[in-house]
Amino acid sequence: MPLTSFDDLLNEQLNNPQVAQLYEQECQHLDAAIAVSCAREQAHLTQEQLAERSGLSRNTIIRIERGGTSPSMKTLGRIAQAMGKQVQFLVVCQFMTS
């Protein structure tokens, strides 16, 4: 029996609209997690320092950085402002041909 690659398995599962929606939501959580974590580290701030500067709880910062929640634009704005940065919103359109 031939082995199936992860990419093939993922593409097969993404044909299910419910799976595709959940996958997209998880990707958004992880994108926010990576962006906040990297920006915080570049600013040489601890999670506690970022929480204090942004007026958010440390637990909120932790949940965002772990991908446990998808922060609102307002929350991202507070975090960015606390680091002297700006939030940029990018819409990417992908067209698939069959």
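Q47 is found in helix α3. Helices here are DSSP runs (H or I, at least four residues), strands are E runs of at least two, and both are numbered from the N terminus. Residues are numbered from 1 along each chain as its sequence is written. The model is predicted, so local features need pLDDT of at least 70, side-chain atom pairs count only at pLDDT 80 or more, totals for chains, interfaces and linings use all residues, and side-chain values use heavy atoms, with hydrogens and water left out.

Is Q47 buried or exposed? Q47 has a relative accessible area of 18%, so it is buried. Buried means under 20% relative accessible area, exposed means over 50%, and partly exposed lies in between (1.4 Å probe, protein chains only). Leaving aside neighbours within four places in sequence, Q47 is in contact with R40, R58, I61, I62 and E65. Contact means heavy atoms within 4.5 Å.

## Overall build

The protein has five helices and zero strands. Along the sequence the pattern reads α-α-α-α-α. The radius of gyration is 17 Å, well over the 13 Å that the globule rule gives for 98 residues, so the protein is more spread out than a compact globule. That radius is taken over C-alpha atoms, and the globule rule is 2.2 Å times the number of residues to the power 0.38.

The C-alpha trace spans about 55 × 30 × 25 Å along its principal axes. Buried residues make up 28% of the 98 residues. Among contacts with a separation of 6 or more, 48% join residues 24 or more positions apart.

## Helix α3

Q47 shares the buried side of α3 with other residues. The buried residues of this helix are Q47, L50, A51 and S54. They cover an arc of only 100 degrees around the axis, which puts them on the same side of α3. The arc is that of the directions from the helix axis to the C-beta atoms.

These buried residues pack against α2, α4 and α5. The face turned away from them carries the exposed residues E52 and R53. After α3 comes G55, whose phi is positive, near 80 degrees.

H44 lies in the loop between α2 and α3. At 71% relative accessibility, H44 counts as exposed. Phi of H44 is near 55 degrees, a positive value in a residue other than glycine. Most residues other than glycine have a negative phi.

## A33 in helix α2

A33 lies in helix α2. A33 is buried, with a relative accessible area of 4%. Not counting residues up to four places away in sequence, A33 touches I64, E65, R66 and G67.

How far apart are A33 and S70 in sequence and in space? They are 37 residues apart in sequence, and their C-alpha atoms are 8.4 Å apart in space.

## Helix α5

The buried residues of α5 are T75, L76, I79, A80 and A82. Seen down the axis of α5, they fall within an arc of 160 degrees, so they line one face of the helix. What covers them includes α2, α3 (47–54) and α4 (58–65). On the other side of α5, K74 and Q81 are exposed. α5 is followed by G84, whose phi is positive, near 70 degrees.

T75 has its place in helix α5. At 17% relative accessibility, T75 counts as buried. Leaving aside neighbours within four places in sequence, T75 is in contact with L56 and I64.

## The largest pocket

About 770 Å³ of space lies in the largest pocket. Of the 23 residues that line this pocket, the closest to its centre are D31, A32, L76, Q88 and F89. The elements that give two or more residues to the lining are α2 (17–42) and α5 (73–82). α2 gives the most, with seven residues. By class, the lining has 15 nonpolar, five polar and three charged residues.

A pocket is found on a 1 Å grid over the protein atoms alone, as an open set of points where a 1.4 Å probe fits, with protein on both sides within 12 Å along at least five of seven lines; lining residues have an atom within 4 Å of a point. Points are joined across faces, edges and corners, and the volume is the space filled by probe spheres set on them. Ala, Val, Leu, Ile, Met, Phe, Trp, Tyr, Cys and Pro count as nonpolar, Asp, Glu, Lys and Arg as charged, and the others, Gly among them, as polar.
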